[in-house]
Amino acid sequence: MIYNSTRCRSVGVESARAINDGISKDGGLFVPSNIPTIDKAFINSIKELDYIGRAKKILPLYLTDFTEAEIDACVKGAYSGNFDHDIPAPLSDMSDGSYILELWHGPTCAFKDMALQILPHLLTRSAAKVGDGKRTVILVATSGDTGKAALEGFKDVENTDIIVFYPNDGVSATQKLQMVTQAGANVFVCAINGNFDDAQSGVKRIFTNKAIAEKLGASGMAFSSANSINWGRLLPQIVYYVSAYCDMLNANPDMTEFNVVVPTGNFGNILAAYYAKCMGVPIKKLICASNANNVLTDFINTGVYDRNRKFYTTISPSMDILISSNLERLLYHLAGDDDARVSEWMKSLSEKGCYTVDADVKAAVSDNFYAGYADDTATKATINKLFTERGYLCDTHTAVAVSVYNDYVAKSGDKTPTVIVSTASPYKFAADVLDAVKSGAADGLSGIKCMERLSEVTCTEIPTPLCGLSEREVRFAGSVNPSEMDDVVYNYLKI
Ligand SMILES: *Cc1c(COP(=O)(O)O)cnc(C)c1O
């Protein structure tokens, strides 16, 4: 499989290069040159397998430059033993035609683990193939969950350093504690005085800065990315959509198609569902759920992407994003691999903060996607309703998806079976979840106390990785302005 750049179609690299480099030199993202397809016979051959077995059949379709033994080691290293549930991605039947796909049973309690537990394995093997023996420096901008998941995945991985930037006021108390207490000899964490977009733009700027790259190269190091701009992040996410299809089929043998609802920020998770659809998984509608930062809702409904709007800090902070990086990949595919048009739109986005796609692309977007959003009030009401009526406790991000799904059903009358993606444990956002279940119950309580109280009120258990957080030593207390991010990198790497 050859990967092209969304901004320069003539770039053609194998997956090891795409994963090792993270982003193309022209600033574009790597995309598969043709999306592999799977048929009913393929699904029948993996339907009875466990998650690891399914992943071992799906990943080689894209990782054609990896041996079977390499893929086997990557998959086993990632998914055996690191999840608190015997199935890494269990499906929970809501008994109303909807199923919640829980993707947060990994070591950091968010869906980012599904990809970030395997990415270090993919990356070290990719670096061995193409990386000239250089030390890999992983740079991460996080809206909260990626940072911790990447730190857990990469801590003490040989020949690797990881530096994580997070927005100072844009993450939950638990997310922050998880990161600043991170163990490992090769990790560094730093807060940014700004929002996620500032952190992400800063990381992208450092990545594409030639002077920095040269300095790094002279010291025997090279950058890579653990953000969802890296193909190695996206690919493992395709696996759980194919796997969920198998589980849906096993539960409903006559099912012909299903919808997928994804709480969306950077457009990585829902893009993986789009790839699964292109491969042949019969997904009818891809339902894109946003919070008050509804730039994607507007884009999908109008074809105009405009980030010039108020930025809201919400109770679903991992979706507080106005620049959804992975949309670029979707546009490339929907525009018929038209790198020139994509480059133009991305130039307009960086210069003016907006762009308008052409009618053909707008029509293709509407064919595949439905979009809606939920504000904090609707989100909390949804958590309360789901818990009161069905005894199911979900986090704030998942609740955004459930709320948008309910609106969709009310509007469309569509009764197609639906998979709603659940992206975090409710305990990661305990204060807001507790307040939603029992109004006022979180008042005056610390993040940790909220977890304990939530456990009492709902008779559910605090996940093991979140126990004892407050007793851990704080290792990283610093914060800097976005313009100082370069210095942080230089200082940590001593270059
Ligand atoms: C990252 C994240 C999202 C958004 O996922 P994208 O792939 O960026 O669209 C949603 N919910 C949670 C809990 C997350 O951590």
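**Rings, ligand and backbone**

Modeller: Happy to! A search of the whole structure finds 18 aromatic pairs, where rings of Phe, Tyr and Trp (its six-membered ring) pair if their centres lie within 6.5 Å. This is a predicted model: local features need pLDDT of at least 70 and side-chain atom pairs count only at pLDDT 80 or more, while totals for chains, interfaces and linings use all residues. Residues are numbered from 1 along each chain as its sequence is written, and side-chain values use heavy atoms, with hydrogens and water left out.

Biologist: How is a pair of aromatic rings described?

Modeller: By the distance of the centres and the angle of the planes. Planes under 30 degrees apart count as stacked, over 60 as edge-to-face and the rest as tilted. Take Tyr-51 and Tyr-79: their ring centres are 5.3 Å apart and their planes stand at 75°, so this pair is edge-to-face. Tyr-51 belongs to helix H3 (residues 51-58) and Tyr-79 to helix H4 (residues 68-79), so the pair ties together parts 28 residues apart in sequence. Helices (H or I, at least four residues) are DSSP runs, numbered from the N terminus.

Biologist: Which residues come nearest to the ligand?

Modeller: A residue is near if one of its heavy atoms lies within 4 Å of the molecule. Of the 15 residues around the ligand, Lys-112, Asp-145, Gly-265, Asn-266 and Thr-423 come nearest.

Biologist: Which polar backbone atom lies 3.1 Å from an oxygen atom of the ligand?

Modeller: A polar contact is a pair of N or O atoms within 3.5 Å. That backbone atom belongs to Phe-267. For Gly-265, a backbone N or O atom lies 2.8 Å from a ligand oxygen, and a polar backbone atom of Asn-266 is 2.8 Å from a ligand oxygen.

Biologist: Where is a positive phi found in a residue that is not a glycine?

Modeller: Asp-337 has one, of about 60°. Asp-337 is in the loop between helix H14 (327-334) and helix H15 (339-352).

Notes: Polar contact = N/O pair within 3.5 Å; in protein donor to acceptor, adjacent residues only side chain to side chain. Helix = DSSP H or I, 4+ residues; strand = E, 2+ residues; numbered from the N terminus.
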